[in-house]
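The following exercises are to be worked with the sequence and the model at hand. Each task is followed by a solution in steps.

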Amino acid sequence: MIIDCHGHYTTAPPALESWRNRQIASLTDPAAAPSPADLRVSDDELRESVESNQLRLMDERGIDVTVFSPRASFMAHHVGDFQTSAAWAAICNELCHRVAALYPERFVPAAMLPQSPGIDPVTCIPELTRCVEEFGAIALNLNPDPSGGHWNAPPLTDRSWYPLYEKMVEYDIPAMVHVSTSVNPAFHTTGAHYLNADTTAFMQLLQGDLFTDFPTLRLIIPHGGGAVPYHWGRFRGLAMALGKPPLEEHLLDNVYFDTCVYHQPGIDLLLDVIPTKNILFASEMIGAVRDIDPCTGHHFDDTRRYTHAAKLPADELAAVQEHNARTVYPRLDTLLGIQGR
């Protein structure tokens with residue numbers, strides 16, 4: 001089995017974006033605010049949106065299951081206030097739940113949180129609870145920078161995040177540390193902000209002692225960990241300079257990396273530097289990079305080709321493609337077991 005731990009609903013029906021545009025417009029004209037009931041998306045529209053897109057590519061690439069969350073760049077936590085984010089998150093999460101209900105053996109939902117700049121993360125707990133208990137969410141996306149590229153939130157090790165971590169531990173669910181759109185013109189959203197955030201999150205965790213307080217907390221750093229694998233020696237040296245234990249002891253029982261790296265040398269480096277147990281297969285297909293690589297003739301985001309070409313031993317390849325995800329996402333493992341898989 002191949003489990004893709006990093007999928008977003010990037011192909012949602014146009015009505016979703018239209019509703020969001022009305023919501024944003026209402027920030028200066030409250031009388032124009034849309035009601036959640038104004039969004040009408042049929043099951044047939046949902047089917048059409050994924051069958052010709054994610055499902056088609058999953059079938060072509062041999063991917064069995066995708067962890068499916070709202071479109072990352074659409075989270076846009078910097079827009080409006082907490083109420084804005086709460087209404088938007090609720091709608092996006094429900095759509096992902098509906099897709100997963102239509103295709104229960106192909107998609108499993110992960111929750112978007114209603115984060116907002118300067119707002120206590122504890123306010124996200126009701127939506128997280130709803131998604132886990134009502135929608136069967138097996139993970140969440142956690143934005144370390146709700147400001148959209150200005151980085152004025154406390155680091156992930158700050159105690160303000162602790163109520164959220166406590167809930168994650170209670171539910172035994174991991175978080176993918178994933179930013180959203182950058183409004184800072186110095187940082188391109190997917191080419192700079194995403195990868196900067198991956199690197200920044202890892203360094204925040206390195207500087208702190210979060211996992212002393214939360215030894216079972218699990219965080220996935222996407223996009224291959226940003227610059228982390230490429231500069232592993234630097235981070236090892238910084239850990240020493242800061243008086244921290246070796247990274248294998250300090251972070252690697254709790255921090256994982258996905259395979260959203262879009263060329264063979266990058267995947268080879270990731271697999272060579274980071275222990276196999278810390279790597280989860282992912283593609284983020286139909287995401288930031290959608291074109292065909294002229295050097296290979298295949299889509300950049302067809303990461304299954306890279307993991308197979310890396311020539312890992314069979315047991316390590318199986319760990320990356322399936323078993324590590326079942327360990328890091330225990331609710332997913334339980335669901336697959338119920339399905340007889």
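**Exercise 1: The largest cavity**

Task: Determine which element gives the largest share of the lining of the largest cavity, and describe that lining.

Solution. Step 1. E1 contributes four residues, the largest share of the lining of the largest cavity. Strands are DSSP runs of E with at least two residues, helices are runs of H or I with at least four, and both are numbered from the N terminus. The model is predicted, so local features need pLDDT of at least 70 and side-chain atom pairs count only at pLDDT 80 or more, while totals for chains, interfaces and linings use all residues. Residues are numbered from 1 along each chain as its sequence is written, and side-chain values use heavy atoms, with hydrogens and water left out.

Step 1. The lining includes Cys5, His6, Gly7 and His8, together with Val67, Ser69, Leu140 and Tyr329. A cavity is a set of points, on a 1 Å grid over the protein atoms alone, where a 1.4 Å probe fits but cannot get out; lining residues have an atom within 4 Å of a point.

Step 2. Two or more lining residues come from each of E1, E2 and strand E5 (140–142).

Step 3. The classes are seven nonpolar, five polar and no charged residues. Here Ala, Val, Leu, Ile, Met, Phe, Trp, Tyr, Cys and Pro count as nonpolar, Asp, Glu, Lys and Arg as charged, and the others, Gly among them, as polar.

Step 4. The space in this largest cavity is about 70 Å³, the volume being that filled by probe spheres set on grid points joined across faces, edges and corners.

**Exercise 2: The second largest cavity**

Task: State which elements each supply at least two residues of the lining of the second largest cavity.

Solution. Step 1. These elements are E1, helix H3 (54–61) and E2. E1 gives the most, with four residues.

Step 1. Among the lining residues are Asp4, Gln54, Met58, Thr66 and Phe107.

Step 2. The lining has four nonpolar, six polar and one charged residues, around about 50 Å³ of space.

Methods:
On a 1 Å grid over the protein atoms alone, a cavity is a set of points where a 1.4 Å probe fits but cannot get out, and a pocket is an open set with protein on both sides within 12 Å along at least five of seven lines; lining residues have an atom within 4 Å of a point.
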